[in-house]
Amino acid sequence: MDVDITRSRVHGRARAPPSKSYTHRAILAAGYSDGAVVADPLVSADTRATMRAVEAFGGRVDRTDGDLDVTGFAGRPGVPDDVVDCANSGTTTRIVTACAALADGLTVLTGDNSLRSRPQGPLLDAVDQLDGRAESTRGNGQAPLVVGGSVAGGAVSIPGDVSSQYITALLMAGAVTDEGIDIDLETELKSAPYVDITLEVLDAFGVEAAETVAGYRVPGGQQYERDDPYPVPGDFSSMSYLLAAGAVAADDGGVVVAGAYPSAQGDSAIVDVLERMGADISWDREAGEITVRRSDLSGVEVDVGDTPDLLPTIAVLGAVADGDTRIVNCEHVRLKETDRVRAMATELETLGAAVTEEPDTLTIHGGESDLRGATVAGHDDHRIVMSLAVAGLVAEGTTTVAGAGHVDVSFPGFFDVLYDLGAELDEHER
Ligand SMILES: O=C(O)C1=C[C@@H](OP(=O)(O)O)[C@@H](O)[C@H](O)C1
Ligand SMILES: C=C(OP(=O)(O)O)C(=O)O
């Protein structure tokens, strides 16, 4: 599917979808337990991959009244009957790899083209250090993967600058090993708030884990337990597109985004970034509502070490702002569904923006008058698609975003929400 977006104004109220990161963790935590209910989950292509994995390990996931009723495998994942398809989801691949290392037999994991080009080597190496078996079938550190080995716990040393999901995966699996897992970080940890989300979800399921001087430690022999339904908060990465749309294209009362309660999500930093750029934005934390009105934006420097998923949104804001926006510490953002630094540089240039790309920095030399509608590639990446759709609201004429259906990965209904806010858009098959 492609989407044509014509320059238009937006206003009104929208609700953020539930958090993808919390939903993945809650589904797997419930899988590690006897069973639990995940309330108000994100049901999207990525979280469906995690549901499939829990079922492959012997659990069951039923949808009841919008909740997920998960029957768990009680800390003992079975050997799947078939290959586990992680589709486009890096999170699923990592948390399922560590879970598969507990099973008494082998699991084969694969996914789509993008997923099969993402780095898994450090996690495979960690499983190896724990005396498990973890191999890339092509020997290139990428999926398809073969994993197993009844890992009993131990100590691992792992880089922190490739993906925090390796740490999340080891902490979640380590709790049900005999010995627990000690994680020694070889480098600075990127995307660190995502490990905080993991610790929060573990705690909510009665599992203890903590930061140490060298990294993290999770004691073994624990049980995941949760009596009350686990409530998933709203997703700040998804909110970033709606807030950006309000900041660059709102009229009347602006855009109000509901479901914005404080949580461990680093991506709530989008509020601070917009404020620093000069946006008229206010966050009522108790009501869980953020209101943003259109204002003149100025370029700023943003370090995305903790918040890689905000890069496409900030890049578009930078293209509309006056002056330079420097997005620094972004090398790990090249390891996502696509190389998002390169993709945003390419597509913003197609729309007429001036951009300088360096290995670890993306600089956008902004100015709204420069953006002109054009056909841009979505790079089969939900975040590239959604951020370019926001650019389409301000680019002169019509912008066509190709491959727009990928929003299903994290924000199904994104274009309906944008349309309801008043965006002039047309979805069509190619
Ligand atoms: O754990 C998570 O839920 C995520 C961690 C981040 O990845 P990295 O840790 O690989 O940077 C982020 O980009 C991804 O969208 C979700
Ligand atoms: C990178 C992302 O997710 P994952 O790593 O789970 O594919 C994302 O949602 O932007």
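Which residues are around ligand 2? This is a predicted model, in which local features need pLDDT of at least 70 and side-chain atom pairs count only at pLDDT 80 or more, while totals for chains, interfaces and linings use all residues. Residues are numbered from 1 along each chain as its sequence is written, and chains are lettered from A and ligands numbered from 1 in the order in which they are written.

**View 1. The shell around ligand 2.** Look for Asp46, Ser89, Gly90, Thr91, Asp309, Lys336, Glu337, Arg383 and Ser410; a residue makes the list if its C-beta atom, placed from the backbone, lies within 6 Å of the ligand. You'll find 5 charged residues here, 4 polar ones and no nonpolar ones. (Ala, Val, Leu, Ile, Met, Phe, Trp, Tyr, Cys and Pro count as nonpolar, Asp, Glu, Lys and Arg as charged, and the others, Gly among them, as polar.) Domain 1 and domain 2 each supply at least three residues to this shell.

View 2. The protein splits into domain 1 (2–17 + 234–428) and domain 2 (20–231), with bounds from an automatic or database domain assignment. Their C-alpha centres are 30 Å apart. Domain 1 puts 17 residues into the contact and domain 2 puts in 19, where contact means C-beta atoms, placed from the backbone, within 7 Å. On the domain 1 side, that's 6 nonpolar, 6 polar and 5 charged residues.

**View 3. Cys330 and its neighbours.** Cys330 counts as buried because 28 other C-beta atoms lie within 10 Å, and the cut-off for buried is 20 or more. Leaving out residues up to four places away in sequence, Cys330 touches Val304, Leu311, Val341, Asp360, Thr361 and Leu362. Val341 is 11 residues from Cys330 along the chain, with 7.5 Å between their C-alpha atoms.

Conventions:
A residue is buried if 20 or more other C-beta atoms lie within 10 Å of its own, exposed if 12 or fewer, and partly exposed in between; C-beta atoms are placed from the backbone. Two residues are in contact if their C-beta atoms, placed from the backbone, lie within 7 Å.
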